[in-house]
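Open the model in your viewer and keep the selection tool ready. This tour moves from one selection to the next.

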Protein chains: 2
Amino acid sequence: MWQQPTSLFTDHYELTMLQASLHSGAAHRPSVFEAFARRLPEGRRYGVVAGTGRILEGLKEFRFGEEQLAFLAETRVVDETTLDYLRNFSFSGNIYGYAEGEIYFPNSPVLIVESTFAEACVLETFILSALNHDSAIASAASRMIASSGTRPCIEMGSRRTHEESAVAAARAAIIAGFDSTSNLEAGHRYGLKTVGTAAHSFTLLHDSERAAFKAQVASMGAGTTLLVDTYDVEAGVRAAVEVAGPELGAVRLDSGDLVEQARWVRDLLDDLGNENTRILVTSDLDEYAIAALQSAPVDAYGVGTSLVTGSGHPTASMVYKLVARHNDAGEFVSVAKAAKNKASVGGRKFALRRLNERGRATEELIGVGELPAADANDRVLLEQFVVNGEIQAGWTGAEGVRRAAKRHKDSILEMPGSSRRLQRGEPVIPTVYID
Amino acid sequence: MWQQPTSLFTDHYELTMLQASLHSGAAHRPSVFEAFARRLPEGRRYGVVAGTGRILEGLKEFRFGEEQLAFLAETRVVDETTLDYLRNFSFSGNIYGYAEGEIYFPNSPVLIVESTFAEACVLETFILSALNHDSAIASAASRMIASSGTRPCIEMGSRRTHEESAVAAARAAIIAGFDSTSNLEAGHRYGLKTVGTAAHSFTLLHDSERAAFKAQVASMGAGTTLLVDTYDVEAGVRAAVEVAGPELGAVRLDSGDLVEQARWVRDLLDDLGNENTRILVTSDLDEYAIAALQSAPVDAYGVGTSLVTGSGHPTASMVYKLVARHNDAGEFVSVAKAAKNKASVGGRKFALRRLNERGRATEELIGVGELPAADANDRVLLEQFVVNGEIQAGWTGAEGVRRAAKRHKDSILEMPGSSRRLQRGEPVIPTVYID
């Protein structure tokens, strides 16, 4: 994935903390860091973990080569001792967490890093960047999937976000249940299905809409999707059917009142004998617009801006906190900041999803210390992704995405039906701490 | 910058349009595409162009190598003819636009691509990704700078956004007037000043706050910034001064009522003889919080989440439209989509900023065709970045960022004072079309 080191996707202070802790000796204290969200975005019922596979992919390339070291030396970000430490840096600890695609709630221990302070500290920024971005997109995407029922959703938002965010967003959307993406780089990296046919510019390029449709059908076959709203929608639909015939794959509507338009376009297509031609709608859709379109004869949704910007919540607001570390006696002690509104529960956690006899989730159980004897219906939520620095197989690349999409689907099936409600509300199950 | 081709940061449909237009022959029609925003985000008075330098950097690497071609062939995104075209792809046209850092308004022609349809079409997604993301961040950052007056702002949002967006966001923030960033990769790529000292985890790692402060000062000198709110702020400030002495560089406050806290911390520092110790505040600041803190004795602002998510507007919503193309007679004709609410003005544009006799902007003048004889006070807004495929010097890398920051500063000085108002309102100058 990355062809260059990921180590400088890091805040300056991670390395100054490293330097100061190497100086004090505390850098080598065994430590536990935890990534979690104190709350869900306002009104959201659940969140979706995403980014974990990308973190593991980036971890492979998290090293300080000559170029990175030269930059740090020239700019005097850190001293010689620290440069020596970074020259040999290789993560040797353990990483646990919720499987990618899993649902999370406030204070769910989404990712846990067990290593020396030094090793966990330098990973902080990169871990949070991936989790916060990708989880925000997956969480929004999951709501869109809940709204769209059995109709496929297509991710089309690349142009509305940074070009690399676009790739990660496409990946997160697929994890949350999207059918496909317009993003070719995402298709390339993660083996995702990509789709797309034509924009308004293609119609405008030709001397008439009919000439454009003919060119498209001649090159791509009658099964293509024709964009029919460049000039007049009714004339566009008629021209599309005349040019492509009864085998026309789909028409795309990208403007106007889509609910009303889809209805009469469906009637028109049927009248013209194109009962099998599908209707794809795009145009600034979000989960609410999708819900409103469910009563219209629409076959698929193309979603862009709202998806890649998290539908109002572009970041998941996860934090990464030191929760336990060794003292001088070599024992783990829980630590927590005492400032107002930011109290953290210290210590290495376990996490279970309690399910009732019908397999529906009722509580998120979190505690510090050893895993309690699990109830038959409890599902253990923490997986181990890295063992003594070794990244475990199955979580990255195309395989990781497929596995995460499966995990998300299964986790959604466990949720109470109220998880699909779009209205603002409380988390759909409570987070409960047990001793 | 990019060590791999940027060509797959592209929507699938750009390449299917290419294929169909190669088939019809229209691919080679000389064309003009324009990137612009139909409107500013709701209530915003102006936008800031950013991303242009990154587009030019990416354009250098916009080629289809064996890996990209193999992907497109295997997945049958395009046919053999199109693969042959892409194998030899190299942009050979002209690109004009507003200088990076320039202010823009609704319908300002922010970027203009003049080339064949084929060449301009395949660049669409990448161009919009960079413009939409970076301009959203720069536009938010500029408002924060307007609020902060002469106090420096530090960009610290990397962890809240995708790791590559974080680099672009840091760059955009500096263009808009930020003093520095926490992002090391941004520092490395663009020669930006990076800053940072320590987080709460550093304090929690040590056996006491005092031990942490001692470790930090021993390693980094008394001029460092100590984070004083891990436990009790007053005790923290006292410990910081005792450990670092009168040379303590700054204290950082990251929680609580910052206005009230800054006041008594200032008094306490002064009472302790640390008149020169500065106060840095962080903690979910945005332009409104900064404005509220202007009356408090704060020396610098650290801004994170709100900046990198565009302070409520994470994308600039720019579009990229075909506005003119050759007809069969080899003449340029203006083209525009006719659908409701999306009418575009066709044709190759010019753009001027009309200034009054005091050098203040009064109108954004846009027209189609030749530049009119400019009024003495008009400023021509379009620069040429690419001449027959040759990227012009001075717009990319560290030099491009410095130049963009200068451009932004100068453009802001031209704006009416009402541009600094945070309240929602209309664009600060109107966009006027002239014939």
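Which residues of chain A does the UniProt annotation "domain: Nicotinate phosphoribosyltransferase N-terminal" cover? Select residues 8-132 of chain A: that is the stretch given by the unreviewed entry. UniProt positions follow the numbering used here, feature names are shortened, and annotations may be inferred rather than shown by experiment.

A note before going on. This is a predicted model, where local features need pLDDT of at least 70, side-chain atom pairs count only at pLDDT 80 or more, and totals for chains, interfaces and linings use all residues. Residues are numbered from 1 along each chain as its sequence is written, chains are lettered from A and ligands numbered from 1 in written order, and side-chain values use heavy atoms, without hydrogens and water.

Look for 14 helices and 19 strands (DSSP runs: H or I of at least four residues, E of at least two). The C-alpha atoms fill a box of roughly 80 × 55 × 40 Å along the principal axes.

Colour chain A by burial. Of its 435 residues, 64% are buried (under 20% relative accessible area, 1.4 Å probe, protein chains only).

A rotation of 180° with 0.0 Å of shift along its axis superposes chain B on chain A, at RMSD 0.0 Å (least squares on C-alpha atoms of residues with pLDDT of at least 70 in both). That is the relation of a two-fold axis.

Notes. Buried means under 20% relative accessible area, exposed over 50%, partly exposed in between (1.4 Å probe, protein chains only).
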